[in-house]
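Have a look at it first.

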Amino acid sequence: MSETRDRIARHVHTHPGVHFNALVRTLDLAPGQVQYHLKRLLSTDSVVDEQLYGQTHYYPIECNDWRRGALALLRRETVGDIAAVLCEHGSARPQWVADELDIARSTLEWHLDHLVEENVVVKHRDERNHVTLTLAQPDETAALLDEITPSTPERMVDRFTRLTDRLLDEPSSNE
């Protein structure tokens, strides 16, 4: 295996769920180089890829389906914050989580849709149809949160989304 391919493989194994642009940026390689070596790694079953939520993520071969979906989501700052709140509190009502994180309820629901789809979060409804959120696998989710940190660009996108939500939620001075 070439030195570059070995670097890419090591990075995928130490940062499961990494996406293509993060590999290019972090390893300071040309996109064509990364693309070539990923193709070779995929053909030899050294890594696997999965298209999730608009990005292709790369994983070690031993990464199971749940872990792949959870990692793809938890690498995003807002999603990680939602999971961290649920890890800390066990369960919570959606509005409380939105208030705790200072995000719009619509933003929370958008992320929750993906978290529920990947079986990271479960929505429980009581007899009055009120929703409570819990983690489907709290210990595993906490371990993943300890493993990962969102990249700077991912954090910037999430912060921009939060700022935009706040600005759109504020009443204008003309009202």
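**Labels and their cut-offs**

The protein exposes about 9,900 Å², and carbon and sulfur atoms supply 48% of that; accessible areas here come from the Shrake-Rupley method with a 1.4 Å probe, and for residues only the protein chains shown count as cover. This is a predicted model, where local features need pLDDT of at least 70, side-chain atom pairs count only at pLDDT 80 or more, and totals for chains, interfaces and linings use all residues. Residues are numbered from 1 along each chain as its sequence is written, and side-chain values use heavy atoms, with hydrogens and water left out.

Q: Why is His-57 called buried?
A: Buried means under 20% relative accessible area, exposed over 50%, and partly exposed in between (1.4 Å probe, protein chains only). His-57 has a relative accessible area of 3%, so buried is the word for it. Across the protein, buried residues make up 41% of the 175 residues.

Q: Which residues is His-57 in contact with, leaving aside its neighbours within four places in sequence?
A: Contact means heavy atoms within 4.5 Å. By that rule the list includes Val-18, His-19, Val-48, Asp-49, Glu-50 and Ala-72.

Q: How do you know that S2 and S3 pair?
A: Two strands pair if DSSP finds at least two bridges between them. Strand S2 (residues 47–52) and S3 run antiparallel and are joined by six bridges, so they qualify. Strands are DSSP runs (E, at least two residues), helices are H or I runs of at least four, and both are numbered from the N terminus. His-57 has its place in S3 (residues 55–60), and Gln-51 stands opposite Thr-56 in S3.

Q: Why is one side of S4 and of S5 left without a neighbour in the sheet?
A: The open sheet has three strands in the order S4-S6-S5, with antiparallel pairing. Strand S4 (91–92) and strand S5 (121–125) stand at the edges, each with a single partner strand, so one side of each has no neighbour.
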